[in-house]
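I open the notebook on a structure that is new to me.

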Amino acid sequence: MSIDALRLTAQTLANDPQTVGLMFFILKQQNLFVVRKVELSADAQSALTAEVKLELTEFFAVEYVLRDLTAADLRQDAIFRYNLQNNPPQLARLIDAWGAAPAISEFNHVNDQVTDLKAIVVVLGNGTEKLAVYKHHYPTNTYRRSGFSLWRAGIGQDRFEKLNQEIIRMGHTIDFLYDGADIFVTNFKVLEKFFGFKEAVKADSVVKLATLAGRNLIDEINLLEERISVQGDVTFAKKVIRAISHSRVLDTVGNDQIIQFIKQHNGLSRKIRINDTETKIILDTKVSQNFFMKLLNDDYLKSELTNFEYDADSKDLVEAT
């Protein structure tokens, strides 16, 4: 789904009086994430629906660009499509809430604990369109009945009473969106801090390198893997995923053509070495590795007007020295 289509879906649901919001809890029990339906009173469900409608309206008042999660630049006003190979278990439960609601057990205070709450999912739907909102839950948003706690007896009341029930406060942020096809990251900080994002990126990039190894184009490709697995270079791991996932160069250009392109290119021929038999590329420096990933992105163009060679991703002139 494009960013415009996502915005239109959100706006349609926010403006439709028939839209209803269903709430789900994602709990962590015995190191496993599970999803539970939450039974709400009619008033609570109406208030929940109104709240999330308002949040979507406010969120999409900003103009966003849509980028893949592994894009090299993380812009401030951007939504990221989650494009790693495997979903974290929390996001897998988000997908469950979207598609398997009838089969999901209800939250039960006998078997389930609010202290296990890790996220709140709200699925908005109007019978035609649907959108799921994921909110990371912080422990400070759960008020427990243990100990001695007070709450005000009512609006306009000065008297306080002992708190005898647990209270869960839903945050006002939107951390992820799901449209039935793609997971959209709307809060990168939450992803990075709580979802093992860096390790997921490194693991996915190593899988992508295995695909590249099958081309038999790189001499000592293990040097690239060491940069990721041993040195922990997450930025380079993102570049690997971005370069190999949808590389038109790998899909359409043979090894011999790639090698000849490097040899004849003013800038690349000085950054990337070819072995003596001219059958493999030597990537034994970080500079050469970075330039090769840009090559796989097909980022190098030559102007027909000026005959200059450019880095198409940044429009920088590729220097011959």
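I take exposed as over 50% relative accessible area, buried as under 20% and partly exposed as in between, with a 1.4 Å probe and protein chains only. This is a predicted model, where local features need pLDDT of at least 70 and side-chain atom pairs count only at pLDDT 80 or more, while totals for chains, interfaces and linings use all residues. Residues are numbered from 1 along each chain as its sequence is written, and side-chain values use heavy atoms, without hydrogens and water.

Which residues of helix α9 are buried? In this helix, residues 255-264, I found Asn255, Ile258, Ile259 and Ile262 buried. Seen down the axis of α9, they fall within an arc of 95°, so they line one face of the helix. The arc is taken over the directions from the helix axis to the C-beta atoms. Helices (H or I, at least four residues) and strands (E, at least two) are DSSP runs, numbered from the N terminus.

Next I looked up the cover. The buried residues of α9 are covered by elements including α8 (248-252), β14 (273-274), β15 (281-282) and α10 (286-296). Contact here means heavy atoms within 4.5 Å.

**Strands**

I followed β14 and β15 into their sheet. It is open, with three strands in the order β13-β15-β14 and mixed pairing. β13 (218-219) and β14 stand at the edges with a single partner strand each, so one side of each has no neighbour in the sheet. β14 and β15 pair in the antiparallel sense over two bridges; pairing requires at least two bridges found by DSSP. Ile274 stands opposite Ile281 in β15.

Then I turned to β1 (residues 20-29) and β2 (residues 32-37), which pair in the antiparallel sense over six bridges. They form a hairpin with two residues between them. Gln30 in the turn has a positive phi of about 50°. Lys28 has Phe33 as its bridge partner in β2.

**Rings**

How many aromatic pairs does the structure hold? I noted eleven. Rings of Phe, Tyr and Trp (its six-membered ring) pair with centres within 6.5 Å; planes under 30 degrees apart are stacked, over 60 edge-to-face, the rest tilted. Phe188 and Phe197 are edge-to-face, 5.2 Å centre to centre with 80° between the planes. Phe188 counts as buried at 15% relative accessibility, and Phe197 is buried at 1%. Ring pairs also link Phe59, Phe60 and Tyr64 into a cluster.
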